[in-house]
Amino acid sequence: MAKTAGVLSTVAFTTTSLPPAAIAAKKVQEVVETVDNTNKLLAAGAGVVAAGAAAMKLSSGSCAQDFLEASPYWDQSAVKVNTFKNKAPFTGKVVSTKRIVGPKATGETCHIVIDHKGDFPYWEGQSWGVIPPGTREKDGKPHSVRLYSIASSRYGDDMTGNTGSLCVRRATYWCPELKADDPAKKGICSNFLCDTTAGDEVVMTGPSGKVMLMPEEDPSTDYIMVATGKLGEV
């Protein structure tokens, strides 16, 4: 309202040299425009307030994003292990598969988001097993399970707790004789996962392991992380 009063005083100041009829018409026009702008400002303000209230409700109400935490947070006694096994696996659906390395990268790594509808809970540090479709050439039996470290938090990439993600490098074999990748020697499961598209089904087991769960009960705990790797030439 202070802005409205200020605009009206400016109108009065700048129209004193005009004829009375013109002054009246100009005042009417300016007042209409000012009231319209004020209404727009009030509407925008109401929208901001509503958005803020929704955000507060999300963080403090039933949609708070801490619904998968333990109580106390470091208690690992209820961590699920091997909920789904080879003979009774879980079937998830691919949400998206995206290449996450550049075009000149040596090899291909993909980010695969899988929807489990909240029926396959896990903790950070656990693995999922994936059973690729098809059978083995040597004996015609189903492929064995492959373990992949889960790359997302227990809330998934969208913080709903309904998805989980895998980061998978496509396994290929460069044949020096063919001077190309030998399709007969490519990784069965990694290529299956990297070739998936939205809606494809993935047969899964797990979650596996509690060894890599972070011991958080004692804040003074020292962590030593050891991983395999390749030392580059100096």
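This briefing walks through the fold, strand pairing, contacts and surface of the structure above.

It's a predicted model, so local features need pLDDT of at least 70 and side-chain atom pairs count only at pLDDT 80 or more, while totals for chains, interfaces and linings use all residues. Residues are numbered from 1 along each chain as its sequence is written, and side-chain values use heavy atoms, with hydrogens and water left out. The protein chain has three helices and eight strands, where helices (H or I, at least four residues) and strands (E, at least two) are DSSP runs numbered from the N terminus. Of its 234 residues, 26% count as buried; here buried means under 20% relative accessible area, exposed means over 50%, and partly exposed is in between (1.4 Å probe, protein chains only).

**Fold and strand pairing**

- Reading from the N terminus, the elements go α-α-β-β-β-β-β-β-β-α-β.
- Strand β2 covers residues 109-115, and five of its seven residues are buried, so the rest of the structure largely encloses it.
- On one side of the pairing list, β2 runs antiparallel to β1 (residues 90-99), with six bridges joining them; strands count as paired if DSSP finds at least two bridges between them.
- In that pairing, Arg99 sits opposite Cys110 of β2.
- β2 is also joined to β5 (residues 163-169), again antiparallel, by seven bridges.
- There, Asp115 faces Thr163 of β5.
- As background, side chains in a regular strand alternate between the two faces of the sheet.

**Cysteines**

- If you're looking for disulfides (cysteine sulfur pairs within 2.5 Å), the whole structure has zero.
- What is the closest cysteine sulfur to that of Cys194? It belongs to Cys110, and at 3.7 Å it's too far for a bond.
- Cys194 is buried, with a relative accessible area of 7%.
- For Cys189, the closest cysteine sulfur is the one in Cys194, 9.5 Å away, which is too far for a bond.
- Cys189 is buried too, at 2% relative accessibility.

**Aromatic pairs**

- There are six aromatic pairs in the structure. Rings of Phe, Tyr and Trp (its six-membered ring) pair if their centres lie within 6.5 Å, with planes under 30 degrees apart called stacked, over 60 edge-to-face and the rest tilted.
- Tyr122 and Trp128 make an edge-to-face pair, because their ring centres are 5.3 Å apart and their planes are at 75 degrees.
- Both residues are buried: Tyr122 has 4% relative accessibility and Trp128 has 0%.
- Ring pairs tie Tyr122 and Trp128 into a cluster with Phe84, Phe90 and Phe120.

**Salt bridges**

- Side chains of opposite charge can pair when their charged atoms come close.
- The whole structure has seven salt bridges, each defined as a side-chain nitrogen of Lys or Arg within 4 Å of a carboxyl oxygen of Asp or Glu.
- One of them joins Glu124 and Arg154, at 2.8 Å from N to O. Glu124 is in the loop between β2 and β3 (127-131) and Arg154 in the loop between β4 (146-149) and β5, so the pair ties together parts 30 residues apart in sequence.
- Glu124 is partly exposed at 32% relative accessibility, whereas Arg154 is buried at 9%.
- Arg136 and Asp139 form another, with their closest N and O atoms 2.6 Å apart. Arg136 is partly exposed at 26%, and Asp139 is partly exposed at 37%.
- Asp195 and Arg170 also meet in a salt bridge, 2.9 Å from N to O. This pair links distant parts of the chain, 25 residues apart: Asp195 is in the loop between α3 (188-194) and β8, and Arg170 is in the loop between β5 and β6 (174-175).
- Asp195 is partly exposed at 46% relative accessibility, while Arg170 is buried at 15%. Salt bridges with shared partners put Arg99, Glu108, Arg170 and Asp195 in one network.

**Surface patch**

- Val211, Met212, Met214, Tyr223 and Met225 make a nonpolar surface patch of about 570 Å².
- Patches are built from residues with over 30% relative accessible area and no salt bridge, joining like charges within 9 Å and nonpolar side chains (Val, Leu, Ile, Met, Phe, Trp, Tyr) within 5 Å. Accessible areas come from the Shrake-Rupley method with a 1.4 Å probe, and for residues only the protein chains shown count as cover.
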